[in-house]
Amino acid sequence: MAALRTRRLRVVDTMDQQNHEGLSVAFATADLNRVDQHFGTALKLALYRITPETAKLMEVVAFASEEMDGNEAKLPARLNALSGIQAVYCMAVGGSAARQLIAGGTTPIRLDESMRIETLISEIQHKMTHDPAPWMNWVKRKQDKEACDFEEVLNESWEE
């Protein structure tokens, strides 16, 4: 069996390297325009940073073509690509993959029909400001807690 090949294209924005605001969301896609792939056999994952006002493509991870054969050996590369990603939109996701995604902090979101990524981004932005989905609230609570923990460390006495 040939080794699974993974290629990564990271978008570098020298003006915005430290901006970690918003949500990190992945889309399972063949053409970078539509969500049209099963998570376990996705040809590409397009990783975006989304705020209520902006959406930036941060990275594209491309995988070798895979058969939908129930072989879980293809999952680790896809799961590793989603480190730090809060949600992944896909056409389907197997039970084992869904459990592993959730355990890693990524919410799998299954679509009933193929949709344009730009449409999904607009929906995410609208929900962020008007009616956040539960996974968005969980991300916000986590970010608020991390900011609070950092403030506590700053306010501690630094004397020896």
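Is Arg110 buried or exposed? Arg110 is exposed, at 51% relative accessible area, where exposed means over 50%, buried under 20% and partly exposed in between (1.4 Å probe, protein chains only).

A quick word on the model: it is predicted, so local features need pLDDT of at least 70 and side-chain atom pairs pLDDT 80 or more, while totals for chains, interfaces and linings use all residues. Residues are numbered from 1 along each chain as its sequence is written, and side-chain values use heavy atoms, with hydrogens and water left out.

Side chains of opposite charge can pair when their charged atoms come close. Counting a salt bridge as a Lys or Arg side-chain nitrogen within 4 Å of an Asp or Glu carboxyl oxygen, there are two:

| Salt bridge | N to O distance |
|---|---|
| Arg110 and Asp112 | 3.3 Å |
| Arg116 and Glu118 | 3.6 Å |

Asp112 is exposed at 68%, and so is Glu118 at 53%. Arg116 is partly exposed, with 34%.

Now for Ala97. This residue is buried, with a relative accessible area of 6%, and lies in helix 2, residues 95-103. Helices (H or I, at least four residues) and strands (E, at least two) are DSSP runs, numbered from the N terminus. Beyond its neighbours within four places in sequence, Ala97 is in contact (heavy atoms within 4.5 Å) with Phe39, Leu75 and Leu79. From Pro76, 21 residues away in sequence, Ala97 is 9.4 Å away, C-alpha to C-alpha.

Zooming out, the protein chain has four helices and eight strands, in the order β-β-β-β-β-α-β-α-β-β-α-α from the N terminus. Of its 160 residues, 36% count as buried.
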